[in-house]
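Reader: I'm new to this one. Could you take me through a single part of it up close, and then show me what else is worth a look?

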Amino acid sequence: MTDGAVTEVARVLVAADKFKGSLTAVQVAERVTAGLRRVVPELDVETLPVADGGDGTVAAAVAAGFERREVTVTGPLGEPVKAAFALRGTTAVVEMAEASGLQLLPAGVFAALTATTYGSGELLRAALDAGATSIVFGVGGSATTDGGAGMLAALGARFLDADGEPVGPGGAALAGLASADLSGVDPRFFDVDLVLASDVDNPLTGPKGCAAVYGPQKGASPEDVETLDSALAHYARVLEKAIGSRAAELAASPGAGGAGGIGYGALLIGASFRPGIELMLEVLGFAPALERATLVITGEGSLDEQTLHGKAPAGVAAAARAAGKEVVAVCGRLALAPEALGAAGIRRAYPLTELEPEPAKSMANAGPLLEQVAANIARDFLA
């Protein structure tokens, strides 16, 4: 054995997120397993693809045994799209990116001012119609910055302009909001256990709000960011007139800025907020899988500063460290020093760029490279 290897490893748990743009979390698990078994053919490997509430959350739930349900909803640009949620018993996992995500936009097209979350509301309603009494609402990867107004409208809320007409789609249109009425929201939502799963704790507006921090990723110019932030602040003030001071309190609360402010919309209808990876690990059954493991392999496309703030590998490593289990990580690129990895509970990281320094080639060949990396882990920790 090398690298101070773990002794008597009986079972490896592969609990990694997707490599965005290259491999899904399920594919990462498959490639890591194949690479490990190149070196230790009879190795006992358990896979549990994970997600932190963003895109890929439904796929992770399905891999963990949930049933995939598909419906047609309104996409971020207003066109019909196919979207899925996951159901097991009366628990549903709903991913807003399935209905309102950036990945639904044509290549090179952004709609920072006009993209709507209406389809996310339709997806939530579909989960209720399927019998869900507990809904994990994963938010992240959004194309939208509408404060969840579209979602709420799909659930029965009314947002009217000065002429008594519904305001248009998207965050910018909220500047013309004159009145808000949440009394028509589907009453089933006030009896369901709705939990907002997000890896961000931003408020709705301000320098740390959803428009300022995440708007540029959605194609928003500096002027667009100002427009959106102002419109969202106006939206919160109108809601305060409609439902009282709770609207302002929720706008300032952690998670309100999740996924372009859809977190705010969810909080308005009674959702509770929890860090996405913490909640998803519970839903996916991570604790019993961790108990069975003696070595944990986690990872994602880029291990960087963002990883340390609520991303899946940090959540997996924290839980594993608390259970006294060794953790190593795989990644496309590594931008964390060994000290930062150690502080997060990760013994060592294995980036694909060590084998292929050219980023484009590394992404294009992520699968075979990941198998090679996993074989190296087996040699260092298992052989």
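Predicted model: local features only at pLDDT ≥ 70, side-chain atom pairs only at ≥ 80, totals over all residues.

Author: The aromatic pairs come to a count of 2. Take Tyr 235 and Tyr 264: their ring centres sit 5.8 Å apart with the planes at 80°, and since anything over 60 degrees goes down as edge-to-face, that's what this pair is. Tyr 235 belongs to helix H7 (residues 222-243) and Tyr 264 to helix H9 (residues 258-268), so the pair ties together parts that are 29 residues apart in sequence. Are these two tyrosines buried or exposed? Tyr 235 is buried, at a relative accessible area of 0%, and Tyr 264 is buried too, also at 0%. Bring in Phe 159 and you have a cluster, with ring pairs linking Phe 159, Tyr 235 and Tyr 264.

The largest pocket has a volume of about 1,100 Å³. It is lined by 41 residues, and the closest to its centre are Lys 20, Asp 199, Gln 217, Gln 306 and Lys 311. Helix H9 turns up again here: along with strand E11 (295-303), strand E12 (326-334) and helix H14 (359-364), it gives two or more residues to the lining. Sorted by class, that lining has 10 nonpolar, 19 polar and 12 charged residues.

The second largest pocket holds about 230 Å³ of space. Of its 13 lining residues, Lys 18, Leu 23, Thr 24, Ala 25 and Gly 56 are the closest to the centre. Its lining splits into 5 nonpolar, 4 polar and 4 charged residues.

Key:
Residues numbered from 1 in each chain as written. Heavy atoms only, no water. Phe/Tyr/Trp six-rings, centres within 6.5 Å; stacked < 30°, edge-to-face > 60°. Helix = DSSP H or I, 4+ residues; strand = E, 2+ residues; numbered from the N terminus. Buried < 20%, exposed > 50% of the residue type's maximum accessible area, 1.4 Å probe, protein only. 1 Å grid on protein atoms, 1.4 Å probe; cavity = no way out; pocket = protein on both sides within 12 Å on 5 of 7 lines; lining within 4 Å. Points joined across faces, edges and corners; volume = space filled by probe spheres on them. Nonpolar A, V, L, I, M, F, W, Y, C, P; charged D, E, K, R; others polar.
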